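Here are my notes on the model you sent. Please read them with the structure open.

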Amino acid sequence: MFIFRYREGTNLNLAALADDGRAYRLEAPDLMTLVRQAREAGDTTADFVRSRLREDLRIDVPAQSLDLATPLDAPEVWAAGVTYQRSREARNFEATEGREDKETFYDKVYDAERPELFLKSTAARTVGPGELVCLRRDSSWQVPEAELGLVLDRTGAIVGYTVGNDMSCRDIEGQNPLYLPQAKIWRRSCSIGPYVRLAETVADPYALGIACRIYRGGEKVVDETANTNQLKRRLDELVRFLIRDNEVFDGTVLLTGTCLVPPNQFTLQSGDRIEIEIEGIGTLANTAVYADEWE
Ligand code: DO4
Ligand code: MG
């Protein structure tokens with residue numbers, strides 16, 4: 001069971017993609033209201049939604065042909081880092097200018113009890129499927145990061161899973177770890193969606209194939225695949241650290257780190273189309289442009 005939103009004129013509608021593959025309008029205004037209503041009724045969210053699917057709410061066209069938006073207004077998006085060996089290798093390459101000859105902060109955090117967690121985005125900086133993500137002018141080494149996103153409630157319970165893109169500047173990050181916020185946060189540097197798959201309908205979040213494809217002028221220039229079974233940490237472990245003495249809001253998204261990094265010589269260019277696919281969760285596509293080309 002998937003929950004999503006789509007635009008219709010000036011309206012933003014909440015909808016479900018049900019087990020029968022059909023899309024239905026939902027009467028609740030947003031995902032987290034639906035979650036609360038289900039709990040009050042003593043149901044799982046998926047069962048609650050199933051009990052509300054009616055023929056007169058059916059959407060006649062396939063969900064993919066709708067004008068899809070972010071599945072929720074995540075007040076904050078947090079991200080974990082160096083949770084896969086592939087990310088550790090890529091970070092070490094950046095931090096040692098390709099020599100990879102010494103132990104780095106990244107080796108230490110990969111093995112430490114405490115994971116790397118950082119604030120990645122806010123609602124105003126986060127875009128949805130089909131929207132433009134932005135590039136920075138002061139970086140010449142930029143990549144998308146394909147990540148499994150956890151949708152959390154205020155207690156840290158995992159409500160569902162989505163696809164996330166943690167846009168990153170590898171040169172800024174490699175210059176100095178203290179530059180991390182600039183390497184990670186700028187206008188439209190985060191994308192999520194198009195669906196939230198409800199957690200109770202995902203059998204095993206540690207067995208999901210992930211793919212990242214990048215197209216330039218219609219030609220595929222990056223095609224990488226991996227699997228969440230390579231994740232070094234448990235999802236509840238990441239959440240446990242995130243909520244420690246923290247204020248976490250309903251609908252917070254936690255990106256769980258990347259297992260896919262394009263080849264080291266690759267940097268995004270304006271006009272590149274990025275596709276991130278997570279098996280059973282969805283495909284998120286965005287085109288990149290420079291921030292000053294947007295508007
Ligand atoms: O350590 C910097 C960030 C790493 C990251 O974003 C990732 O591993 O996905
Ligand atoms: Mg990342």
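1. Surface. The protein exposes about 13000 Å², and carbon and sulfur atoms supply 46% of that area. Keep in mind throughout that this is a predicted model.

2. Charge. There are 36 positive and 49 negative side chains. The centres of the two sets lie 1 Å apart.

3. Overall build. The secondary structure comes to seven helices and 19 strands. The radius of gyration is 19 Å, close to the 19 Å that the globule rule gives for 295 residues, so the protein is as compact as a globular protein of that length. The C-alpha trace spans about 60 × 45 × 30 Å along its principal axes.

4. Packing. Of the 295 residues, 57% count as buried. Take the contacts with a separation of 6 or more: residues 24 or more positions apart account for 73% of them.

5. Helix H1. This helix covers residues 31–40, and its buried residues are Leu31, Met32, Thr33, Leu34, Val35 and Ala38. What covers them? The cover includes strands S1 (2–8), S2 (11–17), S11 (146–152), S12 (158–166) and S14 (190–198), together with helix H2 (45–50).

6. Ends of H1. At the start, a side-chain oxygen of Asp30 comes to within 3.3 Å of the backbone nitrogen of Met32. After the helix comes Gly42, with a positive phi near 75°.

7. Ala288. Look for this residue in strand S19 (residues 282–290). Is Ala288 buried or exposed? Its relative accessible area is 0%, and the cut-off for buried is under 20%, so Ala288 is buried. Beyond its neighbours within four places in sequence, Ala288 is in contact with Val133, Leu135, Gln269, Ser270, Gly271, Asp272 and Ile274. Gly271 is 17 residues away along the chain, yet the C-alpha atoms of Ala288 and Gly271 are separated by 5.6 Å.

8. Backbone points to check. Most residues other than glycine have a negative phi, and most peptide bonds are trans. The peptide bond from Gly193 to Pro194 is cis, with omega near -5°. Pro194 lies in strand S14, one of the elements covering the buried residues of H1.

9. Positive phi outside glycine. Glu97 has a phi near 50°. Glu97 sits in the loop between helix H3 (85–95) and helix H4 (105–111), and is exposed at 67% relative accessible area. Asp245 has a phi near 45°, also a positive value in a residue other than glycine. The loop between helix H7 (235–243) and strand S17 (252–255) holds Asp245. At 88% relative accessibility, Asp245 counts as exposed.

Note on methods. Residues are numbered from 1 along each chain as its sequence is written. Chains are lettered from A and ligands numbered from 1 in the order in which they are written. This is a predicted model: local features need pLDDT of at least 70, side-chain atom pairs count only at pLDDT 80 or more; totals for chains, interfaces and linings use all residues. Side-chain values use heavy atoms; hydrogens and water are left out. Helices (H or I, at least four residues) and strands (E, at least two) are DSSP runs, numbered from the N terminus. The radius of gyration is taken over C-alpha atoms; the globule rule is 2.2 Å times the number of residues to the power 0.38. Buried means under 20% relative accessible area, exposed over 50%, partly exposed in between (1.4 Å probe, protein chains only). Contact means heavy atoms within 4.5 Å. Accessible areas come from the Shrake-Rupley method with a 1.4 Å probe; for residues, only the protein chains shown count as cover. Lys and Arg count as positive and Asp and Glu as negative; His and the chain ends are not counted. The place of a charge is taken as NZ of Lys, CZ of Arg, CG of Asp or CD of Glu. A polar contact is a pair of N or O atoms within 3.5 Å; within protein, one must be able to donate a hydrogen and the other to accept it, and residues adjacent in sequence count only if both atoms are side-chain atoms.
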